[in-house]
Every structure is written in C-alpha cells, then in structure tokens.
Amino acid sequence: MKKFLVVLEYELKEYVRSKGFVLTTLLIAVLGAGILFLPRIVNMSGLLGTGPKQEAPVPEDESSKDKEDDEKADQTLLLYDEAGVMNMDLLKSLFPDSVWEAAADEDVIRERVQSGEVAAGFIVRSATQYDYYVLNKGMGDENKARFETAMTTVARQKYCEDNGLDYDEVEALFSQQIVSNDLVLGKDSGQNYWYSYALVILVFMLIVFYGQMIAVSVTNEKSNRSIEVLVTTTTPNSLLFGKVIAGAIASLCQVGLIMGSILISYAVNRDVWGGMLDMIFMIPGSVLITFAFFGLGGFLFYAFLYGAVGALVSKTEDISKSSGGLMMLIMIVYFIVLFQLTNVDGVAMKVLSFLPFSSYSAMFVRIAMGSVQVWEVIVSYVILLASIFGAGFLGARIYRMGTLRYGNPIKFTTALKDMKKSN
C-alpha cells in the first residue's frame, strides 16, 4: 500500500506541475464561464429574443417602399396549370416573397428552370397531383410544402362548392386550436436529450484523452529505461494502479472544475439567457451523480487496459497501432449509444447498460431518459466494479510482463498466450 501511495503522489504531482494541464483547465473553465456571462456585458437581445419590440419603420416615400418590395421578391416561380384547378391569388398569398408567372407548357418550365432564369416551376396534373421542377434543391426548400398547402386548400374549396357547404365554416371547424397540458409523471426524453448527448461525448473524450496519456506515460518510461529502476523498487500492481488512480483523480478535478464553473455561471445568468439553455445545463442531481459513478467506472476500466497497451510497446509512435482494437471498441460503443438516444428503453440499450465496456454511458443515459429499476442500476454497477478490478489485475500482469520486453510491439493476444504459458 505504501508503494502505491508513493506512485500515486508522484503521478499527481506530475499533473499539477504540468503547465499545459493547469492552464488548459483554467482557460476552459474561465472561457466557459465568460461566455455565459456575456449577456450581462454585451447586448445580445437580438440573439436571445429578449429585447424590446421595435415598431416597424415608416417608409420615407413610395419609391423606397417599392424598392423594398422588389428586394423581397427574391425568386420567380412558374405555374403550368394543366388541370385548370389552381388559384393564382392563393399562391401569391402563400408565397409573399415570390413572383408568380404562368407558363405556356411544360417545355417552357423545363427550359427556364434549367437555364436558371427562374427558381422553380410547378405543373399541376390534377387536383391531387403535380410535378415540381427545380435546378438545385436546397435543404431548406419550402416551396413544395407551401404549394401542397395551396392544393389542399383548393381541393377543400372545390368540395365545399360541389356539395353546397360553406367553406369558411368548414375551415374554421378543422382549424380549431387544441389546448394541451403536458403532465409528465416519469421523464421527458425530449427535454433530457441534449444534456445526455453532451455527457456521452464528454465521457468518451475523457476515456480517450486520459487513456492515451496513461499509455504514453508507461511507454515513455520504457523508452528511457526508467522502468527498469521502477520495477526493482516497487511492484507492477502499485505502478499501474498508481498511474490509473492518479489519472482518475486528475480527470475528476479537471472536469469537476470546468463543469462546476459552467453550471454555476449558467445558474447565475439563467434569467438573462431566458432559460434557452436549460436543455443543456439544467442537469438533475441524480443524473450528475450517476454520471460521476458510471463515468469514473468506465474511465478506470479502460485506463487499466490503456496502461497494459502502453507496456506492450517500446516507442510512443507504436501506441496508436497497439491500441487500435481498444479504440475501435470505444468508438463502436460511443456511436451505438448516440444512435440509441431516441430509443433508450430498447433491447440494445438494456443489453449495453449491463456490459462493462458500455455501461459507463448506456446506464446513465437510461437513468436520464428512460425507465430503470433500482436493481438494474445496482447489478450494472456491481458488474462494472468487478470488471474494473479484473481489468486492473489483468493489466498489471501484462504490465509486469511487457515492461522489460523491448523491440517490436507485442500483440495483446500474444501477451495473453504468454501469460497463460507462464501459469
């Protein structure tokens, strides 16, 4: 235990002495807090929508008004009403920023759209069918939706006319406003989605960043031969556990300081932000606690494996090659969990929440957005704890075997076979 504490103290001092580590932590914390204080310093009412409403300016003369109207009409649309059912006035009301022109036939629309003279063209085949011509369709193209609204309106008007009904009364009937009150007795997945998304990304970055740091630290000791002195003065278990626990403490301090400064800053400035960032920063305490326990567990699990990977190579440039399989596993879990955020109570997420290599993110997401029984949380965490100790002792054995072996990188499977033979 004493040797472990010596290694732990040394590794923690290395983090504290690292100017890059300290400055990065303080810089991100101050920058994050500063951004959330911006509305108190800079007028952001236009962005936040909290400023006083301004009255519409009165145009100086008719010519300036006409000029503004011309600028608003930023696209020309063509219509070929083959079925003779469309109402041009209705189209103009639904497309106030466009100019409508009638086309003689389909060829005219195709040619003018192809040449770029007009933005788009519509050919009405019947009361319920039309063709839409456009040269390049953007993601924000609303022309089709508006035109279909116009066709729906015309169809309803025609039906009312044929059956002697008052269209205004029918439209009023179908346009009644429905008042609803959402009384969520469990969890609102839509509201909790974004902070769950952010926490999944955060724990992924922590595992990859600090895992690589631990692997590099072990490899550096091999490359400068200091490992030969270390293994004679302490045990491989103390070395690896000291490095991993020190990394966990350093990551908790760094993330805790950054998240604390950001969450506190938002709580102080929530009113000036108008609550618009609640979906990201208003994280329930139960979710934060679960994130801390499971996130730390996942970090320790992978950190031990990264430490073992660092012992299998002699040069830092070989780390990425040896850790490729481990990185692939982390990435697969990361993307599956992100893709399953809209189905947290599905079979995939339930299975992932009990597997040690994925429960660190899947379980706290289920707690934040889904329905989880207490026994599920307990069983999942017990499995994760057992896996952490298993990974720790496995990593320590590989660490002991690989630290004094130099040369080409040792494959993880080869290391396991050698360990089995030594038994």
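# A chat about a predicted model

Visitor: Which element gives the most to the lining of the largest pocket?
Guide: Helix α9 gives the most, with 14 residues in that lining. A pocket here is an open set of points on a 1 Å grid over the protein atoms alone, where a 1.4 Å probe fits and protein lies on both sides within 12 Å along at least five of seven lines, and lining residues have an atom within 4 Å of a point. Helices (H or I, at least four residues) and strands (E, at least two) are DSSP runs, numbered from the N terminus.

Visitor: Before going on, what kind of model is this?
Guide: The model is predicted, so local features need a pLDDT of at least 70 and side-chain atom pairs count only at pLDDT 80 or more, while totals for chains, interfaces and linings use all residues. Residues are numbered from 1 along each chain as its sequence is written, and side-chain values use heavy atoms, with hydrogens and water left out.

Visitor: Okay, what volume does the largest pocket have, and which residues lie nearest its centre?
Guide: Its volume is about 880 Å³, meaning the space filled by probe spheres set on the grid points, which are joined across faces, edges and corners. Of the 33 residues that line the largest pocket, Leu206, Phe209, Gln254, Val255 and Ile258 lie nearest its centre. Two or more lining residues come from each of α1, α2 (19–41), α9, α11 and α12 (278–281).

Visitor: And how many residues are in the largest nonpolar core?
Guide: That core has 65 residues, and those touching the most other members are Leu199, Phe299, Tyr302, Phe304, Ile330, Val337 and Val365. A nonpolar core is a set of buried Ala, Val, Leu, Ile, Met, Phe, Trp, Tyr and Cys residues joined through side-chain atoms within 4.5 Å. Buried means under 20% relative accessible area, exposed over 50%, and partly exposed in between (1.4 Å probe, protein chains only).

Visitor: What does Val365 touch?
Guide: Not counting residues up to four places away in sequence, valine 365 touches Val200, Val337, Leu341, Val344, Met349 and Gly370, where a contact means heavy atoms within 4.5 Å. The residue is also among the buried ones of α17, a helix in which eleven of the eleven residues are buried.

Visitor: Is serine 380 buried or exposed?
Guide: Serine 380 counts as buried because its relative accessible area is 0%. This serine lies in helix α18, and leaving aside neighbours within four places in sequence, serine 380 is in contact with Phe294, Ser353, Phe354, Ser359 and Met363.

Visitor: Switching to strands, which way do β3 and β4 run?
Guide: Strands β3 (residues 120–126) and β4 (residues 129–134) run antiparallel and are joined by six bridges, and they form a hairpin with two residues between them. Alanine 120 stands opposite valine 134 in β4, and isoleucine 123 has aspartate 131 as its bridge partner there. Two strands pair if DSSP finds at least two bridges between them.

Visitor: What about β1 and β3?
Guide: Strand β1 (residues 75–81) pairs with β3 in the parallel sense over five bridges, and the partner of leucine 79 in β3 is phenylalanine 122. Five of the seven residues of β3 are buried, which leaves this strand mostly covered.

Visitor: Last one: where does pLDDT stay under 50?
Guide: It stays under 50 over residues 52–58, for which the model has zero contacts beyond four places in sequence, and over residues 62–73, which have five such contacts. The protein averages a pLDDT of 79, with 80% of the residues scoring at least 70; pLDDT is the predictor's confidence in each residue, from 0 to 100. Where pLDDT is low, the predicted coordinates should not be read in detail.
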